[in-house]
Amino acid sequence: MPAVSEPDAPSDAHPVDLRPPIPRLFAFGLQHVLIMYAGCVSVPLIFGAAVGLNASDIGVLISADLLISGAITVVQSIGLWKAVGVRLPVICGGTFTALTPMILIAHEYGMPAVYGSMLLGGVIGIPLAWAFAGLLRYFPPLVTGAVLTVVGLSLIGVAGGLIVGQDTQAADYASPGNIGLAVLVIAIAVTLLCLGRGIWRQLAVLLALMIGTAVALPLSLYNLDAVGDASWFGVPQPFHFGAPQFPLTAVVAMTIVMIVVFAESTASILALSEITGKDIGRGDLARGLTGDAISGIFGAVFNAFIDTVYTNNVGAVATTRVFSRYVTAVSGVILIALGLVPKLGAFVAGLPGPVIGGVGLIMFAVVAIVGINTLRHINLGDPINMTIASATVGVGLLPTFMPGMFAKFPDSTQIVLGSGITLAAITAFTLNLALNHTALGLTPAGP
């Protein structure tokens, strides 16, 4: 049953194409932004700190990241002619996949090479998007379900880090107050999601965030210091760090990153297709992946990052049952506003970690459950299917449980080995291709 409706919409319109009333559009859109915001701004924060940028330059990265994320989200949700955009309730943001390669390129060649290689990676990525989409039949529920399970489970640690803190030496690390606040937020969200009706259930996440923030205020957990220092308006300057440079090694690395991002986005897009009941074909997927490639081009020009489809927002769609792509288009507009008005961005950035982490814990777990539910559609009694799913989950979660296990491998391999999600996608795709699409899988098993 669709969660929203539009009185004048055709009776046969799909829930994805329905547009709720304006007040709900904004509320649902804001809810998506608050869910993804912490992850979105974490990318420029981590990158800036790793390459030694000053606070002013990191601020440029954050504003640019929000601006490009918003623009790509609008394009993905609404579509741009028949060339770009998957036209699903998609939220896009800077991907962690690109962080390690970007940091390595910055140290080796400098910031101009980071954005020069990203620019060419995006340009090369456009034709690659259509070629990659041709592999759609090799991403059955066996592959997407196993990968989504890994995605959800591996991200639970991110939510935990927001709740207890990242610095084990900090005075408030794992404080009972922070954990208690997260428990309160989780309890509110669960209560509204399970017992709420109509708008109360659909806005459960937003209400939990608002109540949690209100509780955090008297506890001095809402840090608004950065709001006073932030400016009211600003447009990111193109090529802020200088004219782009194109070292061959860096370009190859960022092209590989783009392919990895395609794999991540494909799993999320196919999950959204299943959640919403909106069938997509090769052309739809290609247009969605082209959006990723274009984010690399514009991200390079405006000092941002390559975008991917955010899995926590896929979880939000599954949880709230609000399927309208116009909602996520409004989220994109809000992100653009946050990018152009740094003071607003700083206000949202101050949201307490335990509040965001409490909500994130549910959203990430929902993604894992969606993956498990997808696996229910296949025959796990088949030893090949069971083995592929098991190997994917095991390999994909290994780097999460054993961080740094590939630290002694060459830097060039960190693009793949540094991400359990990437390892899961490669494992599932390769094993499924070899065992379910060749004569190898037909070979009788030995005694």
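Here is a short tour of this predicted model, stop by stop. Residues are numbered from 1 along each chain as its sequence is written, and side-chain values use heavy atoms, without hydrogens or water. Local features need pLDDT of at least 70 and side-chain atom pairs count only at pLDDT 80 or more, while totals for chains, interfaces and linings use all residues.

**The salt bridge.** Select Asp284 and Arg287: they form a salt bridge, with the closest N and O atoms 3.0 Å apart. The term means a side-chain nitrogen of Lys or Arg within 4 Å of a carboxyl oxygen of Asp or Glu, and the whole structure has one. Both residues sit in helix α11 (residues 282–301), three residues apart, about one turn of the helix. Helices here are DSSP runs (H or I, at least four residues), numbered from the N terminus. Colour by accessibility next: Asp284 is partly exposed at 24%, and Arg287 is buried at 16%. Buried means under 20% relative accessible area, exposed over 50%, and partly exposed in between (1.4 Å probe, protein chains only).

**The main core.** Now show Phe47, Leu66, Leu88, Met102, Met111, Val114 and Tyr115, the residues with the most contacts inside the largest nonpolar core, which has 118 residues. Helix α10 (residues 248–276) supplies the largest share, 13 residues. Such a core is a set of buried Ala, Val, Leu, Ile, Met, Phe, Trp, Tyr and Cys residues joined through side-chain atoms within 4.5 Å.

**Another core.** Apart from that one lies a core of seven residues, including Ala146 and Ile384.

How values were computed. Helices (H or I, at least four residues) and strands (E, at least two) are DSSP runs, numbered from the N terminus.
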